[in-house]
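Subject: Structure handover

Hi,

Here is the structure I promised to pass on. Please have a look, then read my notes below.

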Amino acid sequence: MHNPALAALGLDWRYLACDVHPDRLREAIAGAQAMKFIGLNLTVPHKLLAVDLVDELDASARTWGAVNTVRFEAKDAFGAWQPLAKLNPDDIGELRSHGFNTDADAITRSLREDLGFEPRGASVLQLGAGGAGRTAALKLASDGVGALYLVNRTQSKAEEVAAEIRSRFPSVRAQAGWPEREVDLVLNSTSLGLKPGDGSPLDEAKFPLRRARAVYDMIYRPAETPLLRDAKAAGCKVANGLGMLLYQGVKALEIWTGQPAPVELMRAALLRNVYGPA
(Lines give C-alpha, C1' and ligand atoms only; values in the text may rest on other atoms or scores of the structure.)
Protein backbone atom coordinates (compact mmCIF):
# COMPACT_ATOMS: atom_id res chain seq x y z
CA MET A 1 0.00 0.00 0.00
CA HIS A 2 2.89 2.38 0.63
CA ASN A 3 4.48 2.43 -2.82
CA PRO A 4 1.26 3.45 -4.67
CA ALA A 5 0.70 6.10 -1.99
CA LEU A 6 4.25 7.45 -2.39
CA ALA A 7 3.73 7.66 -6.17
CA ALA A 8 0.42 9.49 -5.67
CA LEU A 9 2.19 11.99 -3.39
CA GLY A 10 4.83 12.58 -6.06
CA LEU A 11 7.67 11.25 -3.88
CA ASP A 12 10.61 9.41 -5.44
CA TRP A 13 10.82 7.02 -2.49
CA ARG A 14 10.54 3.22 -2.22
CA TYR A 15 9.15 1.05 0.55
CA LEU A 16 11.20 -2.15 0.90
CA ALA A 17 10.90 -5.26 3.08
CA CYS A 18 14.02 -6.58 4.81
CA ASP A 19 14.50 -9.59 7.09
CA VAL A 20 16.47 -8.69 10.21
CA HIS A 21 17.31 -11.08 13.03
CA PRO A 22 16.42 -9.62 16.46
CA ASP A 23 20.08 -9.83 17.47
CA ARG A 24 20.96 -7.48 14.61
CA LEU A 25 18.17 -4.95 15.08
CA ARG A 26 20.40 -2.31 16.66
CA GLU A 27 22.79 -2.54 13.70
CA ALA A 28 19.93 -2.43 11.20
CA ILE A 29 18.45 0.75 12.68
CA ALA A 30 21.89 2.37 12.86
CA GLY A 31 22.63 1.35 9.26
CA ALA A 32 19.36 2.77 7.95
CA GLN A 33 20.06 5.99 9.83
CA ALA A 34 23.59 6.23 8.43
CA MET A 35 22.22 5.73 4.90
CA LYS A 36 19.69 8.53 5.54
CA PHE A 37 16.58 6.40 5.20
CA ILE A 38 13.41 8.43 5.76
CA GLY A 39 12.10 5.86 8.23
CA LEU A 40 11.26 2.27 9.08
CA ASN A 41 8.37 0.05 10.04
CA LEU A 42 9.03 -2.73 12.52
CA THR A 43 7.04 -5.89 13.08
CA VAL A 44 7.20 -8.65 15.70
CA PRO A 45 9.40 -9.28 17.61
CA HIS A 46 11.15 -5.94 16.96
CA LYS A 47 8.45 -3.62 18.34
CA LEU A 48 9.32 -4.18 21.98
CA LEU A 49 13.07 -4.39 21.42
CA ALA A 50 13.17 -1.05 19.58
CA VAL A 51 11.91 0.88 22.61
CA ASP A 52 15.44 0.68 24.04
CA LEU A 53 17.22 1.13 20.70
CA VAL A 54 15.90 4.42 19.30
CA ASP A 55 17.20 7.82 20.39
CA GLU A 56 13.82 9.43 21.11
CA LEU A 57 10.35 8.09 21.93
CA ASP A 58 7.12 9.78 20.91
CA ALA A 59 4.34 9.91 23.51
CA SER A 60 2.57 7.10 21.64
CA ALA A 61 5.56 4.77 21.99
CA ARG A 62 6.05 5.68 25.65
CA THR A 63 2.36 5.12 26.41
CA TRP A 64 2.05 1.72 24.75
CA GLY A 65 5.60 0.50 25.33
CA ALA A 66 6.22 -0.54 21.73
CA VAL A 67 7.67 1.00 18.54
CA ASN A 68 6.38 0.01 15.12
CA THR A 69 7.40 3.18 13.23
CA VAL A 70 10.75 4.96 13.20
CA ARG A 71 11.36 8.37 11.66
CA PHE A 72 14.90 9.57 11.08
CA GLU A 73 15.55 13.22 11.85
CA ALA A 74 18.35 15.78 11.65
CA LYS A 75 18.90 19.29 13.00
CA ASP A 76 18.01 22.24 10.81
CA ALA A 77 19.94 25.51 10.54
CA PHE A 78 18.35 26.68 13.80
CA GLY A 79 19.27 23.53 15.73
CA ALA A 80 15.72 22.09 15.76
CA TRP A 81 15.13 18.42 14.96
CA GLN A 82 13.26 17.94 11.66
CA PRO A 83 12.16 14.87 9.66
CA LEU A 84 14.65 14.09 6.88
CA ALA A 85 11.84 14.61 4.38
CA LYS A 86 11.89 18.34 5.18
CA LEU A 87 15.65 18.82 4.75
CA ASN A 88 18.05 19.14 1.85
CA PRO A 89 20.18 15.95 1.85
CA ASP A 90 23.33 18.05 1.52
CA ASP A 91 22.49 19.93 4.71
CA ILE A 92 21.99 16.85 6.90
CA GLY A 93 24.46 16.59 9.76
CA GLU A 94 23.69 15.09 13.16
CA LEU A 95 21.04 12.37 12.96
CA ARG A 96 18.70 10.63 15.38
CA SER A 97 16.00 7.93 15.35
CA HIS A 98 12.52 8.79 16.66
CA GLY A 99 10.16 5.95 17.59
CA PHE A 100 6.36 6.02 17.31
CA ASN A 101 3.48 3.59 17.80
CA THR A 102 0.73 3.70 15.19
CA ASP A 103 -0.83 0.32 16.10
CA ALA A 104 -2.90 1.39 19.09
CA ASP A 105 -4.98 4.07 17.37
CA ALA A 106 -5.36 1.80 14.32
CA ILE A 107 -7.01 -0.90 16.45
CA THR A 108 -9.76 1.29 17.82
CA ARG A 109 -10.28 3.15 14.52
CA SER A 110 -10.82 -0.17 12.76
CA LEU A 111 -13.16 -1.43 15.51
CA ARG A 112 -15.27 1.70 15.15
CA GLU A 113 -15.39 1.69 11.35
CA ASP A 114 -15.69 -2.06 10.73
CA LEU A 115 -17.91 -3.09 13.65
CA GLY A 116 -19.44 0.15 14.92
CA PHE A 117 -17.85 -0.70 18.26
CA GLU A 118 -17.44 2.06 20.84
CA PRO A 119 -15.10 1.11 23.68
CA ARG A 120 -16.48 3.34 26.43
CA GLY A 121 -18.37 1.20 28.93
CA ALA A 122 -18.16 -1.92 26.76
CA SER A 123 -17.22 -5.44 27.88
CA VAL A 124 -14.42 -7.20 25.97
CA LEU A 125 -13.02 -10.72 25.98
CA GLN A 126 -9.50 -10.57 24.57
CA LEU A 127 -7.66 -13.67 23.42
CA GLY A 128 -3.89 -13.20 23.72
CA ALA A 129 -1.86 -10.89 25.92
CA GLY A 130 1.46 -10.79 24.05
CA GLY A 131 2.94 -7.80 22.22
CA ALA A 132 -0.05 -6.88 20.03
CA GLY A 133 -2.47 -8.06 22.71
CA ARG A 134 -0.92 -5.91 25.41
CA THR A 135 -1.08 -2.83 23.17
CA ALA A 136 -4.71 -3.54 22.28
CA ALA A 137 -5.69 -4.11 25.91
CA LEU A 138 -4.02 -0.91 27.10
CA LYS A 139 -5.59 1.12 24.29
CA LEU A 140 -9.07 -0.25 25.01
CA ALA A 141 -8.56 0.51 28.69
CA SER A 142 -7.45 4.07 27.92
CA ASP A 143 -10.59 4.51 25.81
CA GLY A 144 -12.76 3.58 28.78
CA VAL A 145 -13.94 -0.02 28.38
CA GLY A 146 -15.98 -1.11 31.36
CA ALA A 147 -14.71 -4.67 31.66
CA LEU A 148 -11.79 -6.47 30.06
CA TYR A 149 -11.29 -10.24 30.32
CA LEU A 150 -7.87 -11.53 29.26
CA VAL A 151 -7.21 -15.12 28.23
CA ASN A 152 -3.71 -16.21 27.29
CA ARG A 153 -1.96 -19.52 26.78
CA THR A 154 0.35 -18.54 29.63
CA GLN A 155 -1.97 -17.52 32.46
CA SER A 156 0.68 -15.44 34.22
CA LYS A 157 1.01 -13.17 31.19
CA ALA A 158 -2.73 -12.44 31.19
CA GLU A 159 -2.56 -11.71 34.92
CA GLU A 160 0.43 -9.40 34.38
CA VAL A 161 -1.38 -7.32 31.74
CA ALA A 162 -4.58 -7.24 33.80
CA ALA A 163 -2.60 -5.96 36.79
CA GLU A 164 -0.95 -3.28 34.64
CA ILE A 165 -4.37 -2.12 33.41
CA ARG A 166 -5.80 -1.97 36.94
CA SER A 167 -2.80 0.09 38.01
CA ARG A 168 -2.87 2.52 35.08
CA PHE A 169 -6.65 2.65 34.53
CA PRO A 170 -8.33 1.97 37.91
CA SER A 171 -11.86 2.47 36.56
CA VAL A 172 -11.52 -0.55 34.23
CA ARG A 173 -12.49 -3.96 35.61
CA ALA A 174 -9.60 -6.01 34.19
CA GLN A 175 -9.12 -9.67 35.05
CA ALA A 176 -7.48 -12.79 33.70
CA GLY A 177 -9.98 -15.52 32.82
CA TRP A 178 -13.24 -16.19 31.04
CA PRO A 179 -16.31 -13.97 31.51
CA GLU A 180 -19.46 -15.50 32.96
CA ARG A 181 -21.75 -13.12 31.10
CA GLU A 182 -22.29 -11.75 27.59
CA VAL A 183 -19.66 -9.44 26.12
CA ASP A 184 -19.85 -6.73 23.48
CA LEU A 185 -16.67 -7.86 21.73
CA VAL A 186 -14.35 -10.84 21.41
CA LEU A 187 -10.94 -9.69 20.16
CA ASN A 188 -8.34 -12.19 18.94
CA SER A 189 -4.73 -11.02 19.11
CA THR A 190 -3.18 -14.50 18.92
CA SER A 191 -1.73 -16.06 15.76
CA LEU A 192 -4.13 -19.03 15.84
CA GLY A 193 -5.96 -19.06 12.54
CA LEU A 194 -3.01 -17.81 10.52
CA LYS A 195 -1.87 -21.23 9.27
CA PRO A 196 -3.91 -23.79 7.34
CA GLY A 197 -5.20 -26.40 9.74
CA ASP A 198 -5.25 -24.03 12.72
CA GLY A 199 -8.26 -24.25 14.95
CA SER A 200 -10.05 -21.43 16.70
CA PRO A 201 -8.31 -19.66 19.60
CA LEU A 202 -11.63 -19.61 21.46
CA ASP A 203 -12.64 -22.53 23.69
CA GLU A 204 -16.42 -22.55 23.28
CA ALA A 205 -16.75 -24.85 26.25
CA LYS A 206 -15.51 -21.91 28.30
CA PHE A 207 -17.28 -19.16 26.36
CA PRO A 208 -19.90 -19.86 23.65
CA LEU A 209 -19.81 -17.42 20.74
CA ARG A 210 -23.55 -16.83 20.97
CA ARG A 211 -22.73 -14.76 24.07
CA ALA A 212 -20.71 -12.24 22.02
CA ARG A 213 -22.25 -9.41 20.02
CA ALA A 214 -19.20 -8.91 17.76
CA VAL A 215 -15.90 -10.65 16.99
CA TYR A 216 -12.72 -9.03 15.65
CA ASP A 217 -9.73 -11.09 14.53
CA MET A 218 -6.45 -9.21 14.05
CA ILE A 219 -5.48 -11.80 11.43
CA TYR A 220 -6.30 -10.56 7.91
CA ARG A 221 -4.98 -13.43 5.80
CA PRO A 222 -6.93 -15.65 5.45
CA ALA A 223 -9.82 -13.21 5.25
CA GLU A 224 -12.03 -15.59 7.23
CA THR A 225 -10.34 -17.48 10.04
CA PRO A 226 -12.00 -20.41 11.84
CA LEU A 227 -12.92 -17.99 14.63
CA LEU A 228 -14.67 -15.59 12.24
CA ARG A 229 -16.40 -18.45 10.43
CA ASP A 230 -17.77 -19.80 13.71
CA ALA A 231 -18.69 -16.30 14.90
CA LYS A 232 -20.62 -15.57 11.73
CA ALA A 233 -22.51 -18.86 12.11
CA ALA A 234 -23.36 -17.86 15.69
CA GLY A 235 -24.87 -14.59 14.45
CA CYS A 236 -22.09 -12.27 15.57
CA LYS A 237 -21.00 -9.20 13.66
CA VAL A 238 -17.46 -9.92 12.40
CA ALA A 239 -14.38 -8.17 10.99
CA ASN A 240 -10.78 -9.12 10.34
CA GLY A 241 -7.60 -7.12 10.91
CA LEU A 242 -7.26 -5.52 7.48
CA GLY A 243 -8.51 -2.17 8.79
CA MET A 244 -5.93 -2.22 11.57
CA LEU A 245 -3.18 -2.94 9.03
CA LEU A 246 -4.41 -0.10 6.83
CA TYR A 247 -4.63 2.55 9.52
CA GLN A 248 -1.30 1.83 11.17
CA GLY A 249 0.23 2.26 7.68
CA VAL A 250 -1.71 5.45 6.99
CA LYS A 251 -0.44 7.04 10.19
CA ALA A 252 3.14 5.87 9.56
CA LEU A 253 3.12 7.43 6.09
CA GLU A 254 1.88 10.72 7.52
CA ILE A 255 4.63 10.66 10.16
CA TRP A 256 7.30 10.21 7.46
CA THR A 257 5.93 12.60 4.84
CA GLY A 258 4.15 15.27 6.85
CA GLN A 259 1.31 15.02 4.31
CA PRO A 260 -2.21 13.54 4.50
CA ALA A 261 -2.16 9.94 3.28
CA PRO A 262 -4.35 8.88 0.31
CA VAL A 263 -6.37 6.45 2.44
CA GLU A 264 -8.72 5.00 -0.18
CA LEU A 265 -5.88 4.43 -2.66
CA MET A 266 -3.96 2.61 0.08
CA ARG A 267 -7.02 0.56 0.98
CA ALA A 268 -7.54 -0.53 -2.64
CA ALA A 269 -3.85 -1.43 -3.04
CA LEU A 270 -3.93 -3.41 0.19
CA LEU A 271 -7.04 -5.34 -0.85
CA ARG A 272 -5.45 -6.25 -4.20
CA ASN A 273 -2.20 -7.33 -2.56
CA VAL A 274 -3.75 -9.37 0.22
CA TYR A 275 -6.75 -10.90 -1.51
CA GLY A 276 -6.04 -10.56 -5.23
CA PRO A 277 -8.08 -8.78 -7.94
CA ALA A 278 -11.75 -8.22 -7.10
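The accessible surface of the chain comes to about 13,700 Å², and carbon and sulfur atoms hold 50% of that. Areas are Shrake-Rupley values with a 1.4 Å probe, and for residues only the protein chains shown count as cover.

Some ground rules. This is a predicted model, so local features need pLDDT of at least 70, side-chain atom pairs count only at pLDDT 80 or more, and totals for chains, interfaces and linings use all residues. Residues are numbered from 1 along each chain as its sequence is written, and side-chain values use heavy atoms, with hydrogens and water left out.

**Overall fold**

The chain has 10 helices and 11 strands. These are DSSP runs numbered from the N terminus: helices are H or I with at least four residues, strands are E with at least two. Along the principal axes, the C-alpha atoms fill a box of roughly 65 × 45 × 35 Å.

Buried residues make up 49% of the 278. Buried means under 20% relative accessible area, exposed means over 50%, and partly exposed lies in between (1.4 Å probe, protein chains only). Of the contacts (heavy atoms within 4.5 Å) with a separation of 6 or more, 69% join residues 24 or more positions apart.

**Cores**

In soluble globular proteins, nonpolar side chains tend to be buried together. Here the largest nonpolar core has 50 residues. A core is a set of buried Ala, Val, Leu, Ile, Met, Phe, Trp, Tyr and Cys residues joined through side-chain atoms within 4.5 Å. Ile-165, Leu-185 and Tyr-216 have the most contacts inside the largest one. Helix H9 (residues 242-257) gives the largest share of this core, nine residues. Apart from it lies another core, of 18 residues, among them Leu-40, Leu-53, Leu-57 and Val-70.

Take Ile-165. Not counting residues up to four places away in sequence, Ile-165 touches Ala-137, Leu-138, Ala-141, Leu-148, Leu-150, Pro-170, Val-172 and Ala-174.

Ala-158 sits in helix H7 (residues 155-168). Ala-158 counts as buried because its relative accessibility is 0%. Beyond four places in sequence, its contacts are Ala-129, Leu-150, Asn-152 and Ala-176. Asn-188 is 30 residues from Ala-158 along the chain, with 13 Å between their C-alpha atoms.

Val-70, from the 18-residue core, lies in strand S3 (residues 69-75). Val-70 is also at 0% relative accessibility, so it counts as buried. Phe-100 is 30 residues from Val-70 in sequence, and 6.1 Å away C-alpha to C-alpha.

**The aromatic pair**

How many aromatic pairs are there? The count comes to one. Rings of Phe, Tyr and Trp (its six-membered ring) pair if their centres lie within 6.5 Å; planes under 30 degrees apart are stacked, over 60 edge-to-face, the rest tilted. Tyr-15 and Trp-256 form a tilted pair, 6.2 Å centre to centre with 45° between the planes. The partners are 241 residues apart: Tyr-15 is in the loop between helix H1 (2-8) and helix H2 (25-34), Trp-256 in helix H9. Tyr-15 is partly exposed at 34% relative accessible area. Trp-256 is buried at 6%.

**Polar spots**

Gln-248 is also in helix H9. At 11% relative accessible area, Gln-248 is buried. Its side chain joins that of Asn-68 in a polar contact of 3.4 Å. A polar contact is a pair of N or O atoms within 3.5 Å; within protein, one must be able to donate a hydrogen and the other to accept it, and residues adjacent in sequence count only if both atoms are side-chain atoms. The Gln-248 side chain also reaches the backbone oxygen of Leu-245 at 3.0 Å. Leaving aside neighbours within four places, Gln-248 is in contact with residues including Met-1, Asn-41 and Thr-102.

Ser-60 is in helix H4 (residues 59-64) and is buried, at 17%. Its side chain makes a polar contact of 2.5 Å with the side chain of Asp-58. Beyond four places in sequence, Ser-60 touches Phe-100 and Asn-101.

Best wishes
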